[in-house]
Amino acid sequence: MAILTETKEGPLVLSVEQVEEIGRELDALRARVTADLGDRDREYIYKIIKTQRGLEIAGRGLLYLGFLPPFWLAGVAALSVSKILDNMEIGHNVMHGQWDWMREPTLNSRAFEWDTVCPGDQWRHSHNYMHHTYTNILDMDRDIGYGILRVDEAQKWNILRLGNPAYAFMLMMAFEWGVMGHDLEVENIVRGKRSWSDIKALVTGQWKKASKQVLKDYVVFPALTGPLFLSTLAANFTANIVRNIWTFSIIFCGHFPTGVQTFTQEETENETQGEWYVRQMLGSANITGSQLFHIMSGNLSHQIEHHLFPDLPANRYPEIAPEVEALCKKHGLPYNTGRFSKQIGSVWGKLFKLALPPALVRNSPAPAVIVMRRGMATEVGV
């Protein structure tokens with residue numbers, strides 16, 4: 001039996017028994033929260049939806065006075081917050097199945113569509129299945145760099161990596177389009193690994209969804225304001241950009257700051273539930289902030305808790321976060337958390353650092369944790 005230790009010479013060691021205990025404790029936590037779901041959760045999501053819709057109506061209304069700069073700015077602000085709530089606290093979480101227990105048709109994870117160009121069914125595959133099943137497993141989780149970025153030292157460097165920060169900036173500005181194209185695996189199309197027959201159905205779905213979004217934001221609503229067509233078009237465009245920047249920043253803070261670990265397929269083969277939980281905790285990071293900040297992030301500021309329990313209502317994450325942090329402390333596991341400025345600064349620092357040839361930069365420390373598995377010791381993280 002390995003003993004959990006921390007020395008100057010080496011990483012922590014997590015025994016098989018400790019991993020199994022972590023699994024049991026987190027299973028029990030999940031069961032307790034699930035059994036407690038009820039009226040206050042219903043009231044919460046209905047309140048969020050009512051707020052989101054109210055902000056959208058207010059924003060659209062204010063743009064009829066868009067010829068006056070204060071009203072235009074107010075309209076953009078209201079519309080931006082509305083789109084962020086729809087994307088983060090409503091759309092993302094509904095499509096994870098967090099509200100399926102309510103049996104409310106408008107909150108059904110399989111039928112819900114959000115106010116963004118990516119079709120819901122494609123997102124459910126690329127995100128719910130691929131990312132949350134294979135979180136931070138190299139060559140399995142395509143969210144590690146989204147096919148264009150070097151966000152981990154294990155990813156090979158080449159001359160094109162010098163554009164890493166520029167690629168990240170472009171992805172941030174057009175994030176909804178990047179999310180839409182994620183399931184296409186564009187890098188594999190370029191390499192000849194995917195043919196038109198492989199992506200035809202995906203492209204068809206994307207065309208249908210994106211064309212409706214473009215028509216709504218850049219034709220119909222601007223036309224409804226008559227002579228203010230260009231003013232409203234600019235407002236809608238700005239609101240979409242604000243939503244893109246915010247969403248990109250929150251998601252990257254939860255996945256790529258310093259200390260977040262990646263894994264190999266060999267390390268994670270035939271995982272137990274406890275080992276899967278440990279991988280989620282080591283492969284995620286949180287952001288501290290106010291209650292409003294957490295709501296605006298879709299509670300993805302609690303990315304660790306989200307990766308542990310992606311289908312639990314996100315409003316419960318702040319409640320269980322102290323218990324998860326205490327569990328990490330009990331077993332010596334890192335609980336990666338920090339203020340937004342710290343996490344986003346770390347992300348952009350990494351993007352610039354990993355743009356450079358490996359010979360010019362110092363390598364990160366060795367893996368923080370060694371997980372003892374049945375009959376073997378596996379270093380978790382590369």
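The dialogue below goes from overall dimensions to the nonpolar cores.

Reply: This is a predicted model, in which local features need pLDDT of at least 70, side-chain atom pairs count only at pLDDT 80 or more, and totals for chains, interfaces and linings use all residues. Residues are numbered from 1 along each chain as its sequence is written, and side-chain values use heavy atoms, with hydrogens and water left out.

Me: How many helices and strands are there in the protein?

Reply: Helices (H or I, at least four residues) and strands (E, at least two) are DSSP runs, numbered from the N terminus. The protein contains 15 helices and five strands.

Me: What radius of gyration does the protein have?

Reply: The radius is taken over C-alpha atoms, and the globule rule is 2.2 Å times the number of residues to the power 0.38. For 382 residues a compact globule would have a value near 21 Å, and the protein agrees, with 22 Å.

Me: Which residues touch the most other members of the largest nonpolar core?

Reply: In soluble globular proteins, nonpolar side chains tend to be buried together. A nonpolar core is a set of buried (under 20% relative accessible area, 1.4 Å probe, protein chains only) Ala, Val, Leu, Ile, Met, Phe, Trp, Tyr and Cys residues joined through side-chain atoms within 4.5 Å. Here F175 and F252 touch the most other members among its 44 residues. The largest share, six residues, comes from α3.

Me: Which residues does F175 touch?

Reply: With contact meaning heavy atoms within 4.5 Å, and residues up to four places away in sequence not counted, F175 touches Y146, N244, T247, F248, I251 and F252. Another core, of 29 residues, lies apart from the largest one and includes L14, V19, I304 and L308.

Note on methods: Buried < 20%, exposed > 50% of the residue type's maximum accessible area, 1.4 Å probe, protein only.
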